[in-house]
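My entries follow in the order in which I looked.

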Amino acid sequence: MTIRIREDDLTDAAVQALLALHLAGMQAGSPAGHVFALDLSGLRAPGMTVWTAWRDGRVAGIAAMKRLGAGAAELKSMRTHPEALRRGVAAALLDHIIRVARAEGLTRLSLETGSGEAFEPALALYASRGFASGEAFGGYVASAFNQFRHLELAPLR
């Protein structure tokens, strides 16, 4: 089954429900004060682009990119719908965002995420695409819970 990725305006009820599930999951799996997931208004802010992945007419995943300036961007709001787990949705979204970032001439893609078992599948995916541990960025403050990954992007030829 084909995964179709499209830029999204966040008006679809199923997309909003997936975003609500993402926010609830981040709240449940992170210590107080360590949840940096964006809500609907945050994802609609200037400099943000949101993509959704679709399979068989149903939303299968969501991801966003926040431009930080100076050739950098941040990966935000990666979430696969529970019914689409382990079917390549997150990998397709991540690969799409990396291609877009390169096409825009960005030189670095970064992310902030948590620690623990719930975050391990995402961390494995990020590592498989070349994201490496690094310093805090964009106003984040390092803690025992959060961690930062960075991917240096070579321009498209």
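**Terms and source.** I call a residue buried under 20% relative accessible area, exposed over 50% and partly exposed in between, with a 1.4 Å probe and protein chains only. Helices (H or I, at least four residues) and strands (E, at least two) are DSSP runs, numbered from the N terminus. This is a predicted model, in which local features need pLDDT of at least 70 and side-chain atom pairs count only at pLDDT 80 or more, while totals for chains, interfaces and linings use all residues. Residues are numbered from 1 along each chain as its sequence is written, and side-chain values use heavy atoms, with hydrogens and water left out.

**Helix H1.** I first checked the length of H1 (residues 13-29): its 17 residues should span 24 Å at 1.5 Å a residue, and its end C-alpha atoms are 24 Å apart, which agrees. The expected span is 1.5 Å times one less than the number of residues. I then listed the buried residues of H1, which are Val 15, Leu 18, Leu 19, His 22 and Met 26. Seen down the axis of H1, these fall within an arc of 100°, so they line one face of the helix; the arc is that of the directions from the helix axis to the C-beta atoms. On the other side of H1, I found Ala 13, Gln 27 and Ala 28 exposed. The buried residues pack against helix H2 (40-43), strand S2 (48-55), strand S3 (58-69) and S4, where contact means heavy atoms within 4.5 Å. At the start of H1, I noted that a side-chain oxygen of Asp 12 comes within 2.7 Å of the backbone nitrogen of Ala 14.

**His 22.** I looked at this residue of helix H1 separately, and found His 22 buried, with a relative accessible area of 4%. Setting aside neighbours within four places in sequence, His 22 is in contact with Ala 37, Ser 77, Met 78 and Arg 79.

**Helix H4.** In H4 (residues 120-128) I found Leu 123, Leu 125 and Tyr 126 buried. Down the axis of H4 they fall within an arc of 160°, so they line one face of the helix. They pack against strand S4 (72-80), helix H3 (89-103), strand S5 (108-113) and strand S7 (147-152). After H4 comes Gly 130, with a positive phi near 100°.

**Aromatic pairs.** I counted rings of Phe, Tyr and Trp (its six-membered ring) as paired if their centres lie within 6.5 Å, with planes under 30 degrees apart stacked, over 60 edge-to-face and the rest tilted. A search of the whole structure gave six aromatic pairs.

**Cores.** I took a nonpolar core as a set of buried Ala, Val, Leu, Ile, Met, Phe, Trp, Tyr and Cys residues joined through side-chain atoms within 4.5 Å. The largest has 29 residues, of which Met 65, Met 78, Leu 94, Leu 109, Tyr 126 and Phe 131 touch the most other members. H3 gives the most to this core, with eight residues.

Definitions and conventions:
Polar contact = N/O pair within 3.5 Å; in protein donor to acceptor, adjacent residues only side chain to side chain.
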